[in-house]
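Please look over the sequence and the model below before reading on. The points that follow are meant to be checked against them.

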Amino acid sequence: MSKYYKISGNKLEKLKTTCPRCGDGYWMAEHYDRFSCGKCGYTEFKKRESKENEKESS
Ligand SMILES: [Zn+2]
């Protein structure tokens with residue numbers, strides 16, 4: 001399942017995201033807030049854990 005984890009920990013998984021549908025070897029293109037697979041169109045949104053610039057006025 002997670003072949004790329006053992007390469008160098010889960011840090012690599014953050015830098016490079018593989019498509020869960022196409023499998024290992026199919027890297028997803030990185031966008032500003034998401035990853036998308038050019039093969040099947042799968043989109044995975046990034047977690048907004050380090051984004052504190054949101055302008056939300058309540
Ligand atoms: Zn895919």
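**Notes on the model**

1. Trp 27 counts as partly exposed because 15 C-beta neighbours lie inside 10 Å. The cut-offs are these: a residue is buried if 20 or more other C-beta atoms lie within 10 Å of its own, exposed if 12 or fewer, and partly exposed in between, with C-beta atoms placed from the backbone. Trp 27 sits in the loop between helix 2 (11–15) and strand 1. Leaving aside neighbours within four places in sequence, Trp 27 is in contact with Lys 16 and Thr 18; contact means that the C-beta atoms of two residues, placed from the backbone, lie within 7 Å. From Trp 27 to Cys 37 the C-alpha distance is 7.0 Å, and the two are 10 residues apart in sequence.

2. This is a predicted model: local features need pLDDT of at least 70, side-chain atom pairs count only at pLDDT 80 or more, and totals for chains, interfaces and linings use all residues. Residues are numbered from 1 along each chain as its sequence is written. The score pLDDT is the predictor's confidence in each residue, from 0 to 100. The protein averages 75, and 57% of the residues score at least 70. Confidence is lowest in helix 2, with a mean of 53, and highest in strand 2, at 92.

3. The protein has two helices and three strands, in the order α-α-β-β-β from the N terminus. Helices (H or I, at least four residues) and strands (E, at least two) are DSSP runs, numbered from the N terminus.

4. Two strands pair if DSSP finds at least two bridges between them. Strand 1 and strand 2 (residues 34–36) are joined by two bridges in the antiparallel sense, and Glu 30 has Phe 35 in strand 2 as its bridge partner. Strands of a sheet pair through backbone hydrogen bonds, either parallel or antiparallel.

5. Is Lys 47 buried or exposed? Lys 47 is exposed, because 9 other C-beta atoms lie within 10 Å. Lys 47 belongs to the segment after strand 3.

6. Of the 58 residues of the protein, 5% count as buried. Among contacts between residues at least 6 apart in sequence, 2% join residues at least 24 apart.
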